[in-house]
Amino acid sequence: MAWTWRFERSDGTEVQPAVDPEDFTTQGDAESWIGEHWQALKEGGADQVVLFEDAAEVYGPMSLHAENA
């Protein structure tokens, strides 16, 4: 089983990440990694991410921009 992220602009266009993702064996590892690198990814041109388990979409798109409260 492999967990991967897809990096997108706000319109859903896929972009190359500013930080090379690792290969994740658990959902928790993938989520921890995005928690550590979201700001660099956002600054590198990604607006949102989608999480996959193998070829199945788990959730997303999840914005990398802070919500305005």
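Helix 1 covers residues 27-43, and its 17 residues reach 24 Å from first C-alpha to last, close to the 24 Å expected at 1.5 Å a residue. (The expected span is 1.5 Å times one less than the number of residues.) This is a predicted model, in which local features need pLDDT of at least 70 and side-chain atom pairs count only at pLDDT 80 or more, while totals for chains, interfaces and linings use all residues. Residues are numbered from 1 along each chain as its sequence is written, and side-chain values use heavy atoms, with hydrogens and water left out.

**The overall fold**

- The protein chain holds one helix and three strands; here helices (H or I, at least four residues) and strands (E, at least two) are DSSP runs numbered from the N terminus.
- Along the principal axes, the C-alpha atoms fill a box of roughly 35 × 25 × 20 Å.
- Of the 69 residues, 28% count as buried, where buried means under 20% relative accessible area, exposed means over 50% and partly exposed lies in between (1.4 Å probe, protein chains only).
- Take the contacts (heavy atoms within 4.5 Å) between residues at least 6 apart in sequence: 51% of them join residues at least 24 apart.

**A closer look at helix 1**

- At histidine 37, helix 1 bends by about 60°; the bend is the angle between axes fitted to the seven residues ending there and the seven starting there.
- Ala30, Trp33, Ile34 and Leu41 are the buried residues named for helix 1.
- What do the buried residues of helix 1 pack against? Their partners are strand 1 (3-8), strand 2 (48-53) and strand 3 (56-63).
- After helix 1 comes glycine 45, which has a positive phi near 115°.

**Aromatic rings**

- Rings of Phe, Tyr and Trp (its six-membered ring) pair if their centres lie within 6.5 Å; planes under 30 degrees apart count as stacked, over 60 as edge-to-face and the rest as tilted.
- By this rule there are three aromatic pairs.
- Phenylalanine 7 and tryptophan 33 have ring centres 6.3 Å apart and planes at 70°, so this pair is edge-to-face.
- That pair links distant parts of the chain, with phenylalanine 7 in strand 1 and tryptophan 33 in helix 1, 26 residues apart.
- Both phenylalanine 7 and tryptophan 33 are buried.
- Why is the pair of phenylalanine 24 and tryptophan 33 tilted? Their ring centres lie 5.7 Å apart and their planes meet at 55°, so the pair counts as tilted.
- Phenylalanine 24 counts as buried because its relative accessibility is 4%.
- Together, Phe7, Phe24 and Trp33 are linked into a cluster by ring pairs.

**Backbone details to look for**

- Is the peptide bond from glycine 60 to proline 61 cis or trans? This bond is cis, with omega near 5°, and proline 61 sits in strand 3.
- Aspartate 54 has a positive phi of about 55° although it is not a glycine.
- You will find aspartate 54 in the loop between strand 2 and strand 3.
- With a relative accessible area of 48%, aspartate 54 is partly exposed.
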